[in-house]
Amino acid sequence: MVHVVLFDIDGTLIQTGGAGVRAFAETARAEFGLPDGTAGLQFAGRTDTSIVREFFRRHGLPETPANFHRFFDSYVFWLDHLLPRLEGGILPGVWSWLHGLRALRTPPLVALLTGNIRLGAELKLRHFRLWEEFALGAFGDDSEDRNELAAIARDRGAAALGRRLAGEEILVIGDTPLDIRCARAIGARVLAVGTGRDPVAELRAHGPDYAVGSLRELSPAEVCG
C-alpha cells in the first residue's frame, strides 16, 4: 500500500507557459548582462540549483553563495511577474487525482518532489491554487542532486507519519526519465506521465511501474491500493 505520494511540478501538475525558463533568461539578461545567457540549457527534470551552476560555469561566473542568492532573488521576481502574463494551466487529471487520493480508505500523505527552489514552487502552485494541496516537499534548494531530493522527501514523509517507509510505500509521479531515476534511487514506485516534454514511449523505455499519457488514464485506487 502507498503511504506517500510525491508529485513533480512542471509538466506533471502544471504548465506555466514557459514562465520558469523565461524567468531564468530575464535574470541572465537583467542581472548578469547576458541576453542569451540561458540558450542551450536543459531544464526538464533538473534542479534549479544545478541549472544555475551550469549557467555560471558556461559564462565564467563565480559559483559563490552570493551569486546564487543574487540569481534566485532576481529569478523569483521575474517568475512572479511572468506567471500571470503567460498562458498556462493545471494538467489533465490532476484535480481528480488529488481528490481521489483523499477519498481512499487510507489516504496517503500528498507531497512534492521537485527541482524548483521552494519559493519558485510556491509561486507557481499558488498561482494555480494548488499550493495548499501538499503537506510538505523536497525542493531544489534542499539539494542540487535530484536523487538526494528523493531521499529528503522520503525522510520528511516518514517524520510526518511517525514511521519508517519502505520504498514500495512511496509513489513518485513525474514526467521525465530523471523523475523515474530519482524514484528508483529510493526504491519507490513510479507513475510516469506524458504531459511534459517526453512522450510516453520514451518514458516506458526507462522502466516505470506505470506510464500514461495523462493522469486521466489511471485512478489513485488502481495505483495506490
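Start with strand 1, residues 4-7. Val 4 and Leu 6 point one way from this strand, Val 5 and Phe 7 point the other way, and all are buried. Buried here means under 20% relative accessible area, exposed over 50%, and partly exposed in between, with a 1.4 Å probe and protein chains only. Helices (H or I, at least four residues) and strands (E, at least two) are DSSP runs, numbered from the N terminus.

Before going on, note that this is a predicted model: local features need pLDDT of at least 70, side-chain atom pairs count only at pLDDT 80 or more, and totals for chains, interfaces and linings use all residues. Residues are numbered from 1 along each chain as its sequence is written, and side-chain values use heavy atoms, with hydrogens and water left out.

**The sheet**

Look for Val 5 with its bridge partner Val 110 in strand 4. Next, select strand 6, residues 170-174. It too is parallel to strand 1, with 4 bridges between them. Here Phe 7 has Ile 173 as its bridge partner. Two strands pair if DSSP finds at least two bridges between them.

Val 193 stands opposite Val 212 in strand 8.

**Helices on the sheet**

Contact means heavy atoms within 4.5 Å.

**Helix 5**

Go to residues 118-127. The buried residues of helix 5 are Gly 120, Ala 121, Glu 122, Leu 123, Lys 124 and Leu 125. Their cover includes strand 2 (14-15), helix 1 (19-32), helix 3 (65-82) and strand 4 (109-113). Just after helix 5, click Arg 129: its phi is positive, about 60°.

**Asp 48**

Asp 48 lies in helix 2. It is buried, with a relative accessible area of 6%. Select Asn 116 as well: it is 68 residues away along the chain, yet the two C-alpha atoms are separated by 5.5 Å. Beyond its neighbours within four places in sequence, Asp 48 is in contact with Phe 24, Phe 72, Tyr 75, Gly 115, Asn 116 and Ile 117.

**The cysteines**

Finish with Cys 182 and Cys 224. A disulfide is a pair of cysteine sulfur atoms within 2.5 Å, and the count by this rule is 0. The sulfur of Cys 182 is 17 Å from the closest cysteine sulfur, in Cys 224, too far for a bond. Cys 182 counts as buried at 0% relative accessibility, and Cys 224 counts as buried at 4%.
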